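Welcome! Here is a short tour of one structure, taken a piece at a time.

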Amino acid sequence: MVKITITEQAIEQLRRVRGNKHVKLIYDTDDCGCAVNGVPMLLLVDQVDEYDVAIETNDMPIWMEKHRLIFFDDEMTIDVVDGAGCFQLKSPNQILNPRMSLMER
């Protein structure tokens with residue numbers, strides 16, 4: 001079971017830009033050519049898909065595609081990269097994306 005902690009800075013930044021949209025953590029493979037070579041990124045969406053699951057956090061729900069959960073660690077943290085205008089996704093074992101973007105679709 002995946003659990004995500006969102007830092008206070010990240011909560012503030014997400015609330016500022018989120019509006020009525022859902023926050024989704026995706027494993028983007030569009031430019032990689034292979035399903036195992038992806039990049040985690042945050043996406044703002046109007047509605048979630050039938051295959052999305054809500055992930056437990058300390059604040060707002062973060063949605064993920066159920067079939068992509070295998071690419072993520074069980075415990076992760078979403079933080080803000082100071083001065084860079086982006087987020088960071090990390091776990092106790094690794095940094096999954098040091099400069100994670102937030103896109104809107």
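Strand β2 (residues 22-28) is mostly covered, with 6 of its 7 residues buried; buried means under 20% relative accessible area, exposed over 50% and partly exposed in between, using a 1.4 Å probe and protein chains only. Helices (H or I, at least four residues) and strands (E, at least two) are DSSP runs, numbered from the N terminus.

This is a predicted model, where local features need pLDDT of at least 70, side-chain atom pairs count only at pLDDT 80 or more, and totals for chains, interfaces and linings use all residues. Residues are numbered from 1 along each chain as its sequence is written, and side-chain values use heavy atoms, leaving out hydrogens and water.

| Partner of β2 | Sense | Bridges |
|---|---|---|
| β3 (residues 39-45) | antiparallel | 7 bridges |
| β5 (residues 62-65) | parallel | 2 bridges |

Ile 26 has Met 41 of β3 as its bridge partner, while Val 23 has Ile 62 of β5.

Now to Asn 97, which sits in strand β8 (residues 95-100). Asn 97 counts as buried because its relative accessibility is 8%. A polar atom of its side chain lies 2.6 Å from the backbone oxygen of Pro 40. Beyond neighbours within four places in sequence, Asn 97 is in contact (heavy atoms within 4.5 Å) with residues including Val 39, Pro 40 and Phe 87.

Helix α1 (residues 8-18) has buried residues Ala 10, Ile 11, Gln 13 and Leu 14. Among the elements covering them are β2 and β3.

Methods
Two strands pair if DSSP finds at least two bridges between them. A polar contact is a pair of N or O atoms within 3.5 Å; within protein, one must be able to donate a hydrogen and the other to accept it, and residues adjacent in sequence count only if both atoms are side-chain atoms.
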